Amino acid sequence: AGCNRLIINSDNLEVIETMQDGGQSAGAAAAIFDDCYHYACDFIMNKFEHCNREANKVAHELARLARFFSTSDWFEEPISEIVTFLTNDVLVIAN
């Protein structure tokens, strides 16, 4: 996609702290953390930041929807279920 800088936001503090510590985990998701960390290292710059759920509504809604729908791709237009959340994000930034 031509991107070389990566900032990952999550409202899960444990995930952010694990990724900030190099993806090292002894839990059941250790391999996933390790893979994610090493993929992030492919970028010139990467940063893992904790944010409140209110600041992450689009991601929260996408995660909720993933529980009920099969996998789908979106390239040009966002799925209709998140348009309101995206619009609200833009309005907050604009104001």
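Buried here means under 20% relative accessible area, exposed means over 50%, and partly exposed covers the range in between. Keep those cut-offs at hand for this tour of a predicted model.

**Whole chain**

Start with the cartoon view. The chain has four helices and two strands, and from the N terminus the order of elements is β-α-α-β-α-α. Switch to a surface: the accessible area is about 7500 Å², and carbon and sulfur atoms contribute 53% of that. Of the 95 residues in the chain, 16% are buried. If you display contacts with a separation of 6 or more, 58% of them link residues 24 or more positions apart.

**The nonpolar core**

Next, select Ile16, Met19, Phe33, Ala40 and Phe48, which form the largest nonpolar core. In general, nonpolar side chains in soluble globular proteins tend to be buried together.

Stay on Ala40 and show what surrounds it. With neighbours within four places in sequence left aside, Ala40 is in contact with Leu6, Asn46 and Phe48.

**Salt bridges**

Now look for paired charges. Side chains of opposite charge can pair when their charged atoms come close. The whole structure has two salt bridges.

Select Arg64 and Glu61 for one of them; the N to O distance is 2.7 Å. Both residues are in helix 3 (residues 57-66), and because they are three residues apart there, about one helical turn separates them. Arg64, at 37%, counts as partly exposed.

Move to Lys47 and Glu49 for another salt bridge, where the closest N and O atoms are 3.8 Å apart. Lys47 is partly exposed, with a relative accessible area of 37%. Glu49 is also partly exposed, at 29% relative accessibility.

**Cysteines**

How many disulfides does the structure hold? The count is zero. Cys41 has 37% relative accessibility and is therefore classed as partly exposed. Cys51 has 13%, so it is classed as buried.

Definitions and conventions. Residues are numbered from 1 along each chain as its sequence is written. This is a predicted model: local features need pLDDT of at least 70, side-chain atom pairs count only at pLDDT 80 or more; totals for chains, interfaces and linings use all residues. Side-chain values use heavy atoms; hydrogens and water are left out. A disulfide is a pair of cysteine sulfur atoms within 2.5 Å. Buried means under 20% relative accessible area, exposed over 50%, partly exposed in between (1.4 Å probe, protein chains only). A nonpolar core is a set of buried Ala, Val, Leu, Ile, Met, Phe, Trp, Tyr and Cys residues joined through side-chain atoms within 4.5 Å. Contact means heavy atoms within 4.5 Å. Accessible areas come from the Shrake-Rupley method with a 1.4 Å probe; for residues, only the protein chains shown count as cover. A salt bridge is a side-chain nitrogen of Lys or Arg within 4 Å of a carboxyl oxygen of Asp or Glu.
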